[in-house]
Structures are given as C-alpha cells and as structure tokens.
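Open the model in your viewer and show it as a cartoon. The stops below say what to select next and what is there.

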Amino acid sequence: MAYFVAVADNGGVNRAAAALRVAQPSHRQAVRNLEKDLRTKLFHRVGRGLVPAPAG
C-alpha cells in the first residue's frame, strides 16, 4: 500500500521508487500486483506519468 501512496504522491513509478529508495522494477511490479489483486486499475497511464483512477 505504501507503494501505491508513493506513486500517487509522486506522479510516477520512477519518482516514487527513488523517493522510497527501492528498485523501480520491483516497485512497478508491486503496483501491478495490487491492481491484479483488486481486479481494477488504480492509475491511468498518462505519458510518462500516472494519475489516480477513480478506484485509486
């Protein structure tokens, strides 16, 4: 859940991973797994960034 909040606060996985000091691929996979578990998209991909979807 902390990864979700970090992405929402930072507007993208790369910036969120840097803020949390974790590897970007593992951060991206964690967000994908959360979306899969919840069976909904949490973010809209916009260019190189992410914005929360209504479910997010």
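At roughly what angle do the axes of helix α1 and α3 cross? Select residues 2-10 for α1 in this predicted model. The α1 and α3 axes cross at roughly 105° and come within 9 Å. Angles of 65 to 115 degrees count as roughly perpendicular, so α1 is roughly perpendicular to α3.

Now show side chains at this contact. On α1, pick Tyr3, Phe4, Ala6 and Val7; on α3, pick Ser26, His27, Ala30, Val31 and Leu34. These residues divide into seven nonpolar, two polar and no charged.

Next, select residues 13-20, helix α2, together with residues 24-38, helix α3. Their axes lie 9 Å apart, and the packing angle is about 115°. The two helices are therefore roughly perpendicular to each other. The crossing of α2 past α3 is right-handed.

Zoom out to the whole protein chain. It has three helices and two strands, in the order α-α-α-β-β from the N terminus. The C-alpha trace spans about 25 × 20 × 15 Å along its principal axes. The radius of gyration is 10 Å, which agrees with the value near 10 Å for a compact globule with 56 residues. Colour by burial to finish: 29% of the 56 residues count as buried.

Key. Residues numbered from 1 in each chain as written. Predicted model: local features only at pLDDT ≥ 70, side-chain atom pairs only at ≥ 80, totals over all residues. Heavy atoms only, no water. Axes fitted to C-alpha atoms, helices over the stretch in contact; angles between N-to-C directions. Helix = DSSP H or I, 4+ residues; strand = E, 2+ residues; numbered from the N terminus. Parallel < 35°, antiparallel > 145°, perpendicular 65-115°, else oblique. Left-handed = near helix turned anticlockwise from the far one by under 90°. Contact = heavy atoms within 4.5 Å. Nonpolar A, V, L, I, M, F, W, Y, C, P; charged D, E, K, R; others polar. Rg over C-alpha atoms; globule rule 2.2 N^0.38 Å. Buried < 20%, exposed > 50% of the residue type's maximum accessible area, 1.4 Å probe, protein only.
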